[in-house]
Amino acid sequence: MQPTRMLPNRSRTSVLVFLLPPLLLYGAAVLFPILQSLFLSFFSWNGISDMEFVGLANYLRMFTGDDIFWRAFANALVYLAICLVLQLGGALVVASLLTSLRRGRELVKTLYLLPAVISTVAIAFLFVRIYSLEPVGLLNQLFAWVGLGGLERPWLSDVNTVLAAVSAPEGWRFTGLYMLIIYAALLAVPKELEEAAVLDGASRWTLFTKIRFPYIRPVWITTTIMATTYGLRGFDIPYLMTNGGPGQSSELLTTYMYKTAFTSTDFGYASTISVFIVVECLVAVGLILFLLKRKADA
Amino acid sequence: MTIQAAPPTRPPAVVPSRPAPRRRKRRPDLFHTLSRVLVMLIVIVQVYPLAWLFLTSLRSEHDFATGDPFALPGSLTWENYARAFETGNLGQNILNSFVVTMGANVLIVLLGMMAAYAIQVLGFRFSRLVRGLFLIGIIVPVQIALVPLFIDYSKVDLLDTYQSMIIPLAGFSLPMSVYLFSSFYEYIPKETYEAASLDGAGPYRIFGLITLPLSLNTVVTVVLVNSIFIWNDFIFANTFVLSEELKTIPLGLQNYIGAMGKVDWTATFAAVCVTITPLLLVFLVLNKAMIQGLESGATKG
């Protein structure tokens with residue numbers, strides 16, 4: 001394909017003048033560090049002594065000899081699943097409901113998006129207090145009121161609940177963002193299509209699965225990719241609320257990588273984990289595109 | 001043209017036959033009431049924690065520690081706010097966040113425009129490759145840059161500076177900015193440029209006199225969308241900044257966890273309220289523009 005060229009006469013220098021500064025920053029902050037991580041992942045280095053080339057030893061250790069890594073990987077997948085259900089599921093339900101609302105749509109949109117502008121540190125503080133048992137926090141108090149007192153527990157120190165407890169705030173804070181995007185897409189579904197389907201006797205459910213959802217599929221793919229890559233890079237809230245604990249029960253790959261790098265100062269092995277996280281993101285995006293696109297063609 | 005007028009509200013016609021007028025009127029109402037209630041419930045879940053945060057910041061320490069967490073404050077007190085300002089460095093933190101957000105935004109807007117101009121307007125052989133390179137930055141997680149940048153910064157003495165936060169924040173936001181600007185530049189008609197070219201304007205003058213002024217709306221979008229993420233950045237600041245004078249808001253808030261993990265909750269909540277106020281105000285005032293920006297960011301990006 002011929003590249004677009006709107007200006008008939010422009011010099012090669014002018015292209016470089018405009019292109020080099022952005023590429024320089026982007027290269028220094030993003031591209032070069034990726035290559036550096038790849039490079040470092042073949043070394044053993046604590047940041048002070050000489051770097052030692054170890055070949056694939058870090059990768060071998062990660063895949064065969066590191067239980068914490070696998071634990072963190074499994075936790076990261078659960079974390080991702082909870083985030084996706086809350087964010088995409090919640091977003092889709094609310095966006096659909098919102099289209100049938102006659103008044104107050106703008107207000108709901110604004111209120112719903114509110115948590116997205118609040119810093120993760122503030123959210124972590126807030127949820128630590130919501131989950132706490134002693135003194136009693138909002139969640140436990142709520143259970144006590146509705147007669148589910150048996151469910152009261154210290155959510156963040158119970159190994160069975162801590163992972164879900166640190167995932168929920170992340171899901172909670174971005175539902176509004178995805179709702180907004182899906183809602184905008186739903187509004188763009190042509191009214192004639194919907195009306196024709198209704199006249200043909202389509203139920204609300206058929207209307208949704210046969211008309212609305214296929215129509216918003218491209219946007220759905222984008223939001224799924226966004227939510228997935230954001231879920232896989234989730235770090236702040238688990239790190240701040242539990243630092244991966246108790247034990248490793250809320251350790252994610254990202255928090256494990258961070259601790260390996262900056263607590264154990266094992267830069268080589270931390271880079272190996274980073275490389276894995278990048279590959280994981282690329283594979284996830286590839287899978288989403290493959291699955292959702294294929295379904296569209298079927 | 002259909003003979004029957006389309007009903008204003010869509011009836012949930014499960015039966016293939018057209019619903020009788022009376023049913024059509026009643027059933028949707030039930031559906032609407034239900035969805036209204038559900039939407040309201042969900043909104044409460046979204047907003048109540050924040051309202052609670054604010055109310056708690058006005059309760060006295062003793063009242064909060066002993067009382068029902070849901071209770072409304074018995075008496076309002078501003079003393080938590082006084083304690084919050086005493087404990088921390090809130091003013092300095094807010095100033096630092098402001099500097100970092102401004103610095104990163106200037107880079108993102110300026111460089112994003114330049115890259116988009118080169119890719120979309122000037123055009124060159126490998127423009128598709130460059131576009132692809134920028135896509136990487138949207139997909140890869142920011143954590144990949146932590147270790148390399150930490151090492152690089154310590155070599156060039158950039159650790160513990162404003163730049164150490166601004167560079168990666170701007171770098172990782174640049175791709176979205178490039179995409180937003182170039183999808184806008186697609187809509188500037190070719191004739192505008194051709195006319196200017198005939199008048200003898202070169203690529204620099206055209207950028208300054210035509211493209212830049214036309215981009216102002218997109219600038220607002222780019223700044224609003226990125227500011228949310230940059231203002232709240234925790235991970236880069238936490239990794240690269242140590243000294244108290246450079247701490248941004250998210251780091252400053254951590255100071256409220258005292259020794260032995262003991263937390264002065266009401267003062268902490270007061271501090272949280274102070275720190276979320278600037279962005280919250282911007283959001284509430286500009287929420288139309290911000291919402292539009294977030295929508296277009298996802299659908300075009």
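Two residues are in contact if their C-beta atoms, placed from the backbone, lie within 7 Å. In chain B, 76% of the contacts with a separation of 6 or more join residues 24 or more positions apart. The model is predicted: local features need pLDDT of at least 70, side-chain atom pairs count only at pLDDT 80 or more, and totals for chains, interfaces and linings use all residues. Residues are numbered from 1 along each chain as its sequence is written, with chains lettered from A and ligands numbered from 1 in the order in which they are written.

Chain B has 14 helices and zero strands. Helices (H or I, at least four residues) and strands (E, at least two) are DSSP runs, numbered from the N terminus. Of the 301 residues in chain B, 43% are buried. A buried residue has 20 or more other C-beta atoms within 10 Å of its own, an exposed one 12 or fewer, and a partly exposed one a count in between; C-beta atoms are placed from the backbone.

The contact between the chains takes 88 residues from chain A and 90 residues from chain B. On the chain A side, helix α1 (residues 12-40) gives the most, with 17 residues. The residues of this side divide into 59 nonpolar, 20 polar and nine charged. Here Ala, Val, Leu, Ile, Met, Phe, Trp, Tyr, Cys and Pro count as nonpolar, Asp, Glu, Lys and Arg as charged, and the others, Gly among them, as polar.

A:Ala196 lies in helix α8 (residues 191-199) of chain A. A:Ala196 is partly exposed because 14 other C-beta atoms lie within 10 Å. A:Ala196 and A:Arg61 are 135 residues apart in sequence and 60 Å apart in space, C-alpha to C-alpha.
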